[in-house]
Amino acid sequence: MEHLDPAARLAHWSSRGPRYTSYPSANEFGPIAGDRVRREVGALGADREPVSLYVHVPFCRSLCAYCGCNVIPTRDASRGVGYVDDLATEMALLSGLVATAPITEIALGGGSPNFLAPPAMRTLVGAIERYFRVAPGARRSIELDPRQTTSAQIEALADLRFTAVSLGVQDFAESVQDAIRRHQSAEQTRWLVERSRAAGFDDVNVDIVYGLPRQTEASFAETLDQVIELQPDRVALFGYAHLPSKLPHQLLVERAGRILDNYERASLLLLAIARFAEAGYLHLGLDHFARPGSRLARAAAEQRMVRSFQGYTEHRADAILGLGVSAISSTQRMHWQHHTELADWRAALAAGRLPVERGFVLDEDDRARAALIGRLMCDGTVDLGRIGRECGLDPEVYFARELAALAELGELAAYDRGARAIRTTELGRLLVRNVCMVFDRYHAQRASALHSSTI
Ligand code: SF4
């Protein structure tokens with residue numbers, strides 16, 4: 001392989017696999033008893049464990065053709081008001097169980113949380129503060145769509161003590177925007193970044209995507225330069241996940257242009273890494289970039305960065321409690337997801353039931369593998385001695401088969417027996433999902449078509 005250029009080597013090793021925003025991945029979730037979830041939430045309250053609250057707002061004014069989120073496209077703004085009422089019902093249901101646990105983070109995601117007008121935003125945050133014990137200094141973050149955000153919303157959010165914002169950009173090239181049916185100018189984006197900073201937001205993230213049809217190295221380089229000019233604190237660079245069998249609207253993307261092959265995807269990824277490095281950004285985890293000194297950069301340096309359903313974040317709590325349709329919750333013992341259909345979610349709430357559709361209870365083996373995969377995804381290396389101490393096992397014996405299998409990924413990772421550490425190589429860091437797959441007890445049994453390309 002050494003004779004190949006880096007993009008060709010990445011393309012060679014690329015396969016399909018989970019993104020490891022959880023272990024096991026959400027594809028493994030299955031039926032779970034509501035009572036079991038109720039006990040788990042109750043345990044968070046009884047132990048007064050810090051909790052990170054995630055609120056999913058599913059509405060968007062139109063559906064972007066590449067979208068992989070759980071979205072309800074609608075232009076009826078009144079749906080947001082009714083949804084906030086339902087969220088308050090859900091909070092009332094949970095608060096008896098978990099009201100004593102300190103909430104150390106409130107994250108609003110979607111969809112587009114800014115589908116909510118300022119009064120609905122105030123009602124939502126007011127309900128959170130009424131039903132839960134929000135810790136002083138809890139981080140408050142929100143995803144915003146620059147095409148729809150108003151000054152009044154930014155003012156309301158600043159007033160509600162939000163300080164972190166994540167903006168979707170994806171790509172600034174017009175032809176790419178045509179292909180993905182999302183039109184957003186650099187001026188709109190710049191306005192929102194400047195407006196947010198002026199309102200006191202000190203943590204600005206920008207999402208961009210590589211691997212979209214019609215992207216070329218030249219066009220993507222321009223997008224990267226425009227993003228760098230915005231001086232975000234962090235950038236999340238995602239590989240486009242083309243899964244039309246799961247997401248039929250993505251057929252529109254396919255019709256608009258050829259889906260890039262793995263070599264082209266790898267070339268764009270390497271281009272982005274080089275551009276962000278030149279601009280002084282630190283490359284964190286698999287696909288995030290942060291300004292030195294930013295919160296995420298500090299968390300990474302202190303090994304406090306974690307991988308969750310929200311991507312890479314600073315560790316604030318071991319438990320994430322999801323609210324809203326399709327929201328995923330996670331503790332060290334369980335994952336569970338709410339109904340993905342709005343009507344089912346609502347019906348469960350109306351009946352006074354937790355609106356849980358599926359989930360997964362982790363056994364000891366899952367917990368050991370989750371710890372190992374989590375560190376690999378965040379740090380690109382894992383101290384097996386520490387995993388052994390934390391999980392009460394002899395790692396060289398317990399993972400003997402996996403460590404032997406690592407040898408077949410020689411170009412991506414190696415086990416240092418003396419240091420008892422698995423370390424990814426420079427190339428393997430970009431294909432860390434492949435390395436994690438070696439330790440994934442479930443992946444081998446699954447159809448790979450369920451997963452996106454690992455490059
Ligand atoms: S704005 Fe985001 S969540 Fe909404 S449809 Fe577009 S990509 Fe999906």
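Entry 1, domain contact. I looked up the interface and found 26 residues of domain 1 in contact with 24 residues of domain 2, contact being C-beta atoms, placed from the backbone, within 7 Å. The model is predicted, so local features need pLDDT of at least 70 and side-chain atom pairs count only at pLDDT 80 or more, while totals for chains, interfaces and linings use all residues. Residues are numbered from 1 along each chain as its sequence is written.

On the domain 1 side, α1 (6-13), α13 (364-379) and β21 (452-453) are the elements that give two or more residues; helices (H or I, at least four residues) and strands (E, at least two) are DSSP runs numbered from the N terminus. I note that α13 supplies the largest share, 8 residues. By class, this side has 17 nonpolar, 4 polar and 5 charged residues. Ala, Val, Leu, Ile, Met, Phe, Trp, Tyr, Cys and Pro count as nonpolar, Asp, Glu, Lys and Arg as charged, and the others, Gly among them, as polar.

I then checked the bounds: domain 1 is 1-20 + 364-455 and domain 2 is 21-328, taken from an automatic or database domain assignment. Their centres, over C-alpha atoms, are separated by 26 Å.

I find the axes of α1 and helix α10 (residues 262-278) 8 Å apart, at an angle of about 125 degrees. Axes are lines fitted to C-alpha atoms, for helices over the stretch in contact, and angles run from 0 to 180 degrees between N-to-C directions. That angle makes α1 oblique to α10 (under 35 degrees is roughly parallel, over 145 roughly antiparallel, 65 to 115 roughly perpendicular, the rest oblique). Pro6, Ala7, Ala8, Leu10 and Ala11 of α1 meet Asn262, Tyr263, Ala266, Ser267 and Leu270 of α10. I count this contact as 8 nonpolar, 2 polar and no charged residues.

Helix α4 (residues 118-131) and helix α5 (residues 151-159) have axes that come within 9 Å and cross at roughly 20 degrees. The two helices are therefore roughly parallel to each other. I list Pro118, Met121 and Arg122 from α4 against Ala152, Gln153, Ala156 and Leu157 from α5. The classes here are 5 nonpolar, 1 polar and 1 charged.

Which residues surround the ligand? I get Cys60, Leu63, Cys64, Cys67, Cys69, Val71, Gly110, Gly111, Ser112, Asp145, Gly168 and Arg182, using a C-beta atom, placed from the backbone, within 6 Å of the molecule as the criterion. The shell divides into 6 nonpolar, 4 polar and 2 charged residues.

Terms used:
Contact = placed C-beta atoms within 7 Å.
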